[in-house]
Amino acid sequence: MHEMAIVQSVLDIAFSEAEKHSARKINKIKLRIGELSGVVRDSIEFAFEVLRQGTPAEEALLEIEPVPLKVVCRECGPAETKAGDLTLICGTCGNGLEIVSGREMKVEYIDLE
Ligand SMILES: [Zn+2]
């Protein structure tokens with residue numbers, strides 16, 4: 001389950017931040033997860049529950065902000081994709097669409113105490 005590896009790297013970032021600021025504990029971690037990142041939110045939450053045990057993030061809140069998929073067509077400008085339609089072809093002109101956002105998976109902020 002690659003969410004375990006993702007959450008571990010998120011926690012590693014949080015722990016090094018905590019160390020840098022001599023924080024005793026981590027109150028909150030906020031993540032942005034793109035619709036197209038391939039990351040499953042429930043799995044992230046589950047992995048977080050497991051991996052934070054016995055760490056400074058044991059009581060931390062995990063906030064996840066989903067980032068919707070946004071695409072643009074070079075010919076037509078901003079384009080729509082139907083949910084679950086990952087062909088990324090413009091419905092108007094048939095050109096390939098470029099992804100503007102929705103692929104990211106990043107730590108937005110870490111709240112320390
Ligand atoms: Zn187009």
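Modeller: Start with a working term: two residues are in contact if their C-beta atoms, placed from the backbone, lie within 7 Å. Keep in mind that this model is predicted. Now apply the term to the whole protein. Among contacts with a separation of 6 or more, 74% join residues 24 or more positions apart.

Next, the parts. The protein has two helices and six strands. Read from the N terminus, their order is α-β-α-β-β-β-β-β. The radius of gyration is 18 Å, well over the 13 Å that the globule rule gives for 113 residues, so the protein is more spread out than a compact globule. Along the principal axes, the C-alpha atoms fill a box of roughly 55 × 25 × 15 Å. Of the 113 residues, 19% count as buried.

The helix to look at is α1. Helix α1 has 19 residues. From its first C-alpha to its last it reaches 27 Å, close to the 27 Å expected at 1.5 Å a residue. Which residues of α1 are buried? They are V7, V10, L11 and A14. These four cover an arc of only 100° around the axis, which puts them on the same side of α1. An α-helix has 3.6 residues a turn, so residues three or four places apart point the same way.

The face of α1 directed away from its buried side carries exposed residues: H2, A5, S9, D12, S16, E19 and K20.

What covers the buried residues of α1? The cover includes β1 (26–34), α2 and β6. Two of these deserve a visit.

Take α2 first. This helix spans residues 41–51, and I44, A47 and F48 are buried in it. Their arc around the axis is only 105°, which puts them on the same side of α2. On the face turned away from that buried side sit the exposed residues D42, E49 and V50. The buried residues of α2 have their own cover, which includes α1 (2–20) and β2 (61–67).

Then take β6. This strand covers residues 105–112, and L112 lies in it. Is L112 buried, exposed or partly exposed? L112 counts as partly exposed, because it has 19 C-beta neighbours inside 10 Å, and a buried residue needs 20 or more. Leaving out residues up to four places away in sequence, L112 touches E17, A18, H21, A23, I26 and N27. L112 and R24 are 88 residues apart in sequence, yet their C-alpha atoms are 7.6 Å apart in space.

L69 is in the loop between β2 and β3 (70–73). L69 counts as buried, because it has 21 C-beta neighbours inside 10 Å. Its contacts, not counting residues up to four places away in sequence, are E35, L36, T81 and G102. G102 is 33 residues from L69 along the chain, but 4.1 Å separates their C-alpha atoms.

Technical notes. Residues numbered from 1 in each chain as written. Predicted model: local features only at pLDDT ≥ 70, side-chain atom pairs only at ≥ 80, totals over all residues. Buried ≥ 20, exposed ≤ 12 C-beta atoms within 10 Å, placed from the backbone. Arc of directions from axis to C-beta. Expected span 1.5 Å × (residues − 1). Rg over C-alpha atoms; globule rule 2.2 N^0.38 Å.
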